[in-house]
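Try each task before you read its solution.

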Amino acid sequence: MGTRVKAVLFDIDGTILKSQGAGKRALEHAVTDLFGTTGAMDTVQFQGRTDPYIIHESLEPAGIARVEIARRMDEIKERYFSYLRRYIREVDVVLLPGIRDLLAVLGRESVIVTGLLTGNFVEGARIKLGVFDLFPLFQTGVFGDDTSVRNEMPAIARERIRALHGTAPDFGDMVVIGDTVHDVECGKRAGARTLAVGTGWTPADVLIAQGPDLYLDSLGDTRQALEGILRLLELQPGPPN
Ligand SMILES: [Mg+2]
């Protein structure tokens, strides 16, 4: 029998940091270079959506075929990353309160795997989190490269943790942390525990109405956030460090 493993999976935008429009701007410029239009991007809701979903939802209404978008996805990604690397330095990316401390305390819980569950492409995640050197603190992740459908991500996370540790957590031993109704929905659909955090752009009442297991205005109070997460995972807090 393998050791039991539990997982805490973080969304990025609005949960860990705010990239102040750098991501959207980079994506607009990338698709304009390649397709001459941003299509319906102005009307597409980015929050809680995966990058490939946003790209398809933007370009398909402009008459660009789904297969054509898929065929050129690597090209779109490369351009997006090169703009993002530039634009991310031109804005003041905000690290949301408590993140660094929370990752540090979670890192000391040996039974917990800390991972990402984000619609960002992995390289986009690396660029955004790289502003604060946070990317290496995550042992695993599921990204927009893996699927355009957020609700598929918890199952992929499980398999990735199995590959890493030889044991997969039960869905009930996973906490999905995010700032949108889509984060809450994907966690709930999978049978994971959900922690909604009010640091994004979604009003608290809207998040609470989605029925997360826990809602916090922010992750800024490390003790409160850690205790909440441990409770969702049915773990006892260890001795104070
Ligand atoms: Mg988010």
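**Exercise 1. Which residue of β6 is the bridge partner of alanine 7, and how do the strands on either side of β6 run?**

Solution. Keep in mind that this is a predicted model.

Step 1: Start from alanine 7, whose bridge partner in β6 is methionine 174. That bridge belongs to the pairing of strand β1 (residues 6-10) with β6, which run parallel and are joined by four bridges.

Step 2: Turn to strand β7 (residues 193-197), which pairs with β6 in the parallel sense, again over four bridges. Here glycine 178 has alanine 196 as its bridge partner in β7.

Step 3: Follow the chain from β6 through helix α8 (residues 181-190) to β7, and you have traced a right-handed β-α-β unit.

**Exercise 2. Describe how the residues of β6 and β1 point, and decide whether they are buried or exposed.**

Solution. 

Step 1: For β6 (residues 174-178), five of its five residues are buried, so the cut-off to apply is a relative accessible area under 20%. Met174, Val176 and Gly178 point one way, while Val175 and Ile177 point the other way.

Step 2: Lysine 6 has isoleucine 112 as its bridge partner in β4.

**Exercise 3. Find which residues of helix α4 are buried and what they pack against.**

Solution. 

Step 1: Check the length of the helix. Helix α4 (residues 73-87) has 15 residues and reaches 20 Å from its first C-alpha to its last, close to the 21 Å expected at 1.5 Å a residue.

Step 2: List the buried positions, which are Met73, Ile76, Lys77, Tyr80, Phe81, Tyr83, Leu84 and Tyr87.

Step 3: Look at what surrounds them: these buried residues pack against α1 (22-35), α2 (51-59), α3 (66-71) and α6 (122-130).

**Exercise 4. How many aromatic pairs does a search of the whole structure find, and what is the geometry of two of them?**

Solution. 

Step 1: The search finds six aromatic pairs. In one of them, the ring centres of phenylalanine 10 and phenylalanine 138 are 5.9 Å apart and the planes meet at 70°, so this pair is edge-to-face.

Step 2: Phenylalanine 10 lies in strand β1 and phenylalanine 138 in the loop between α6 and β5 (140-142), so the pair ties together parts that are 128 residues apart in sequence. Phenylalanine 10 is buried at a relative accessible area of 1%, and phenylalanine 138 is buried at 9%.

Step 3: Now take tyrosine 80 and phenylalanine 121, another edge-to-face pair, with 6.4 Å centre to centre and 65° between the planes. This pair links distant parts of the chain, 41 residues apart: tyrosine 80 in helix α4 and phenylalanine 121 in the loop between β4 (112-117) and α6.

Step 4: Check burial here too. Tyrosine 80 is buried, with a relative accessible area of 2%, and phenylalanine 121 counts as buried at 1%. Together with Phe81, Tyr80 and Phe121 form one aromatic cluster.

**Exercise 5. Which ring faces do lysine 24 and arginine 25 lie over?**

Solution. 

Step 1: Lysine 24 lies over the face of phenylalanine 46, at 5.2 Å from the ring centre.

Step 2: Arginine 25 lies over the face of tyrosine 87, at 3.7 Å from the ring centre. Tyr87 is one of the buried residues of α4.

**Exercise 6. Where is isoleucine 12 found, and which residues is it in contact with?**

Solution. 

Step 1: Isoleucine 12 is in the loop between β1 and β2 (17-18).

Step 2: With 0% relative accessibility, isoleucine 12 counts as buried.

Step 3: Leaving aside neighbours within four places in sequence, the contacts of isoleucine 12 are Leu17, Leu116, Thr118, Asn120, Ala125 and Leu129.

Technical notes. Residues are numbered from 1 along each chain as its sequence is written. This is a predicted model: local features need pLDDT of at least 70, side-chain atom pairs count only at pLDDT 80 or more; totals for chains, interfaces and linings use all residues. Side-chain values use heavy atoms; hydrogens and water are left out. Buried means under 20% relative accessible area, exposed over 50%, partly exposed in between (1.4 Å probe, protein chains only). Helices (H or I, at least four residues) and strands (E, at least two) are DSSP runs, numbered from the N terminus. Two strands pair if DSSP finds at least two bridges between them. A crossover is right-handed if, with the strands pointing away from the viewer, the path from the first strand over the helix to the second runs clockwise. The expected span of a helix is 1.5 Å times one less than its number of residues. Contact means heavy atoms within 4.5 Å. Rings of Phe, Tyr and Trp (its six-membered ring) pair if their centres lie within 6.5 Å; planes under 30 degrees apart count as stacked, over 60 as edge-to-face and the rest as tilted. A charge sits over a ring if NZ of Lys or CZ of Arg is within 6 Å of the ring centre and within 35 degrees of the ring normal.
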